[in-house]
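Subject: Structure handover

Hello,

Please find the structure below. My notes on what was found in it come after.

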Amino acid sequence: MPHQVSVFAENRPGKIERITGVLLKKVIDIRAITISDSGDYGIVKLLVDRPQEAVDALKEDGIAATLRDIVAIRVKDKPGGLYEVASILTKNDVNVEDAYGFIIERKKDAIFVFQVQDVRRTEKLLSEAGFTILSDSELYLL
Amino acid sequence: MSLFIAPVKISNATRERTMYWNQEIETIDRTGLLKIQLERLKKALEAGAATPFYKKAFAEHGIDPAKITTLDHLKDIPFTTKNDLRVSYPDGMIAVPKRSIVRMHASSGTTGKPTVIFYTMKDVDEWANQVARGMVATGTTPDDVFQNMMGYGLFTGGLGLHYGAEKLGCLVIPMSTGNTLKQIQFIQDFGSTVIHITPSYALHLVEEIRAHGVNPPDLGVKKAYLGAEPYSEGTRDKIQEQFGVNAYNSYGMSEMNGPGVAFECVHKNGMHLWEDYYFAEIIDPDTGENLPDGDEGELVLTHLNREAMPVFRYRTRDLTRFIPEPCPCGRTHRRIGRIKGRTDDMMIVSGVNVFPSQIETVLMNIPEVGNNYQIVLERENNLDRMHIRVELYSKMFHGDIRQLERLKKKMGEALRAIITINPKIELLEPGSLPPSQGKAKRVFDNRSL
């Protein structure tokens with residue numbers, strides 16, 4: 001199961017610099033980054049090649065960071081690619097709490113990453129529907 | 001004025017288990033204690049009456065010290081305030097020839113100009129005796145290594161415990177405040193087992209120790225004496241849990257010598273106030289009337305055994321209560337409860353009286369709250385606004401933005417239930433508020449009227 005690094009950050013200049021600076025020191029590779037913001041503060045979410053090491057390094061630097069379970073699947077980079085996934089989730093009453101996506105190869109593959117209540121059930125539903133669920137290592141080797 | 005409490009029945013077994021510095025006086029029966037108090041009070045009043053300040057004050061109030069024959073008569077003596085000490089500056093309250101004075105200290109001036117207090121050699125020795133009593137009551141012995149992280153100099157916190165610990169026979173390391181790396185190194189190199197520290201610095205020290213890759217409890221510090229700033233039971237729990245120490249409250253102020261006026265024993269349930277040195281009253285801060293035991297009010301203290309500068313009915317401005325119930329440790333000196341706040345640190349926000357300690361108590365009972373916080377008062381459109389800036393406890397962060405929203409809501413509701421006003425809460429990253437190495441400044445009143 002893939003993991004995402006979630007970091008608490010006050011909404012002020014220099015926060016991304018500090019976080020990425022810690023990761024640079026440990027030569028940790030960032031696959032994707034997104035920020036959800038709630039005014040005074042936000043949560044920076046990172047897909048990295050060595051999530052546990054990243055969390056440890058951030059914590060050591062006094063930053064509030066934690067690992068979250070996520071679902072990551074491969075979808076076709078074409079119109080309707082994400083719709084298929086969304087339909088299955090809707091049919092099974094799975095609520096997506098937070099999501100982001102990125103393209104690996106234009107017109108070919110994209111990755112959809114999201115947070116749900118029940119990660120295992122969602123993974124089962126999607127793999128039964130024929131989708132490729134990515135494991136930690138697969139995701140980072142992309 | 002309630003002076004009597006029920007006789008304490010302590011089994012001999014308890015007595016043997018408990019360590020005392022001076023068992024006879026610490027476990028004296030109430031009748032014996034009151035007798036000592038009256039004898040000492042008479043002498044102190046005679047000595048005090050010779051000082052320019054009290055000569056004038058007694059004349060104005062028609063007080064003749066020779067006619068004070070019971071402790072109840074003390075009520076006729078006017079209160080002494082911090083301002084009285086200021087106007088008597090530099091020597092209006094000295095009761096001995098100047099050549100017999102060996103030391104002076106001054107208050108930290110938290111709320112204004114400093115006030116000065118003088119000591120004879122006997123005063124310094126008696127002060128050390130009070131501190132030694134308190135340290136022994138928490139189980140400290142001459143085998144302990146005592147690292148003093150309280151400020152030395154005019155502030156009484158450093159030298160007060162220094163002399164007490166030396167008198168008790170500990171190895172004393174006079175580190176003073178700050179220099180965190182050396183503090184940690186010396187704990188490791190000299191095996192310090194007891195420390196004296198402000199609560200805010202203790203929390204900072206714990207974080208620094210962790211940042212050096214050391215688990216704080218592994219350092220082997222067993223006890224911490226906390227003082228010099230108000231803090232809540234939740235903060236004590238945090239220090240105990242994170243540092244792996246037993247933390248004890250101590251109480252004192254420069255006007256009454258310094259630390260050592262009252263000290264917790266191993267039972268950690270209120271601080272024994274050494275009643276052979278101080279006559280204590282709890283008054284209603286508005287009316288000045290004495291309150292019964294158990295009621296919360298302002299602590300008023302009278303020196304009973306002080307040479308250089310006896311002060312009578314000193315209004316400490318600290319709010320507390322007597323705990324009259326006997327303590328299982330066998331000490332008969334009454335205990336005072338945790339200091340709830342000071343009559344002069346009360347904030348008036350939107351017409352409501354709020355003590356910073358009330359806010360701290362709420363915050364420190366919420367596990368997601370980190371080690372530091374600030375209270376900021378502002379005026380927006382002629383309305384008071386309270387902002388509470390709280391550091392998040394990194395261990396309790398689950399990476400969920402809704403969790404943080406719920407946390408803010410929970411804090412707001414818990415605070416409103418206690419202080420009746422609705423503060424704006426700001427969550428901050430751990431370690432983002434300036435660390436404190438002395439007295440923590442937590443209230444920032446930016447309201448301009």
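I start with two loop residues of chain B. Leu154(B) sits in the loop that runs between strand 3 (145-148) and helix 7 (156-168) of chain B; helices (H or I, at least four residues) and strands (E, at least two) are DSSP runs, numbered from the N terminus. Not counting residues up to four places away in sequence, Leu154(B) touches Met104(B), His105(B) and Ala106(B), where contact means heavy atoms within 4.5 Å. From Leu154(B) to Thr287(B) there are 133 residues in sequence and 34 Å in space, C-alpha to C-alpha.

This is a predicted model, in which local features need pLDDT of at least 70 and side-chain atom pairs count only at pLDDT 80 or more, while totals for chains, interfaces and linings use all residues. Residues are numbered from 1 along each chain as its sequence is written, chains are lettered from A and ligands numbered from 1 in the order in which they are written, and side-chain values use heavy atoms, with hydrogens and water left out.

Leu291(B) belongs to the loop between strand 10 (278-283) and strand 11 (297-303) of chain B. Leaving aside neighbours within four places in sequence, Leu291(B) is in contact with Ile282(B), Ile283(B), Asp284(B), Glu296(B) and Gly297(B).

Next, backbone geometry. Most residues other than glycine have a negative phi, and most peptide bonds are trans. Tyr89(B) and Pro90(B) are joined by a cis peptide bond, with omega about 0°. Pro90(B) is in the loop between helix 5 (82-87) and strand 1 (101-106) of chain B. In chain A, Lys107(A) is not a glycine, yet has a positive phi of about 70°; the loop holding Lys107(A) lies between strand 6 (98-105) and strand 7 (109-115) of chain A.

Last, a helix pair. Helix 11 (residues 356-364) and helix 12 (residues 401-419) of chain B pack at an angle of about 145°, their axes 10 Å apart (axes are lines fitted to C-alpha atoms, for helices over the stretch in contact, and angles run from 0 to 180 degrees between N-to-C directions). Helix 11 of chain B contributes Gln358(B), Ile359(B), Val362(B) and Leu363(B) to the contact, and helix 12 of chain B contributes Met411(B), Ala414(B), Leu415(B), Ile418(B) and Ile419(B).

Regards
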